[in-house]
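Me: I have a structure open and would like to learn how to read it. Could you take me through it, one feature at a time?

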Amino acid sequence: AAERFQMALDKDSTQIEYRYNMACAFALLNDADLALRNLRQCLANDPKGLLRATARQDPDLENLRWTEEYKKLFGTAESVDSQAAPRISN
């Protein structure tokens with residue numbers, strides 16, 4: 001799926017929905033770095049904040065919510081017990 005979204009982005013890089021779906025695909029593949037990179041680019045090009053609202057609730061991004069990068073992107077400062085946090089392999 002990530003390859004297909006990349007091909008679509010190569011044709012039209014303005015489609016932030018493709019970028020968002022790439023972030024979800026990489027999150028599901030436990031590639032936090034690529035997921036967060038795509039999510040960051042998506043949110044930077046989402047002036048109305050529609051995808052930001054979606055991302056906060058999207059179960060595909062659940063394993064990213066424990067990362068410091070995700071917390072910075074969304075301004076969340078919840079304290080997380082490191083023993084309870086799911087692990088993401090890079």
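This is a predicted model: local features need pLDDT of at least 70, side-chain atom pairs count only at pLDDT 80 or more; totals for chains, interfaces and linings use all residues.

Me: Where does Leu43 lie, and which residues does Leu43 touch?

Reply: Helices are DSSP runs of H or I with at least four residues, strands are runs of E with at least two, and both are numbered from the N terminus. Leu43 lies in helix 3. Contact means heavy atoms within 4.5 Å. Not counting residues up to four places away in sequence, Leu43 touches Leu51, Arg52, Leu73 and Phe74. Two of these residues meet again in another feature: Arg52 lies over the face of Phe74, 5.3 Å from the ring centre. For that label, NZ of Lys or CZ of Arg must be within 6 Å of the ring centre and within 35 degrees of the ring normal.

Me: How many helices and strands does the protein have?

Reply: The protein has five helices and zero strands. Read along the sequence, that gives the pattern α-α-α-α-α.

Me: How much of the protein is buried?

Reply: Of the 90 residues in the protein, 38% are buried. To see how the chain comes together, look at contacts with a separation of 6 or more: residues 24 or more positions apart account for 46% of them.

Me: Which residues have the most contacts inside the largest nonpolar core?

Reply: A nonpolar core is a set of buried Ala, Val, Leu, Ile, Met, Phe, Trp, Tyr and Cys residues joined through side-chain atoms within 4.5 Å. The largest one here has 23 residues, and those with the most contacts inside it are Tyr20, Leu39, Leu61, Leu64 and Phe74. Two or more residues each come from helix 1 (2-11), helix 2, helix 3, helix 4 (50-57) and helix 5. Helix 2 gives the largest share of this core, eight residues.

Me: What about Met22: where is it, and is it buried or exposed?

Reply: Met22 is in helix 2. With 3% relative accessibility, Met22 counts as buried. Apart from residues up to four places away in sequence, Met22 touches Ala2, Phe5, Gln6, Leu9 and Asn38. The C-alpha atoms of Met22 and Leu9 are 9.7 Å apart, and the two residues are separated by 13 residues along the chain.

Me: Now for charged side chains: how many salt bridges are there?

Reply: A salt bridge is a side-chain nitrogen of Lys or Arg within 4 Å of a carboxyl oxygen of Asp or Glu. By this rule there are three salt bridges. One joins Arg40 and Glu69, whose closest N and O atoms are 2.4 Å apart. This pair links distant parts of the chain, with Arg40 in helix 3 and Glu69 in helix 5 (residues 68-74), 29 residues apart. Arg40 is partly exposed at 35% relative accessibility, and Glu69 is partly exposed at 27%.

Me: Which side chains meet in the other salt bridges?

Reply: Arg65 meets Glu62, at 2.8 Å from N to O. Arg65 is buried at 14%, while Glu62 is partly exposed at 41%. Glu68 meets Lys71, at 3.7 Å from N to O. Both Glu68 and Lys71 lie in helix 5, three residues apart, about one turn of the helix. Glu68 counts as exposed at 52% relative accessibility, whereas Lys71 counts as buried at 9%.

Definitions and conventions: Residues are numbered from 1 along each chain as its sequence is written. Side-chain values use heavy atoms; hydrogens and water are left out. Buried means under 20% relative accessible area, exposed over 50%, partly exposed in between (1.4 Å probe, protein chains only).
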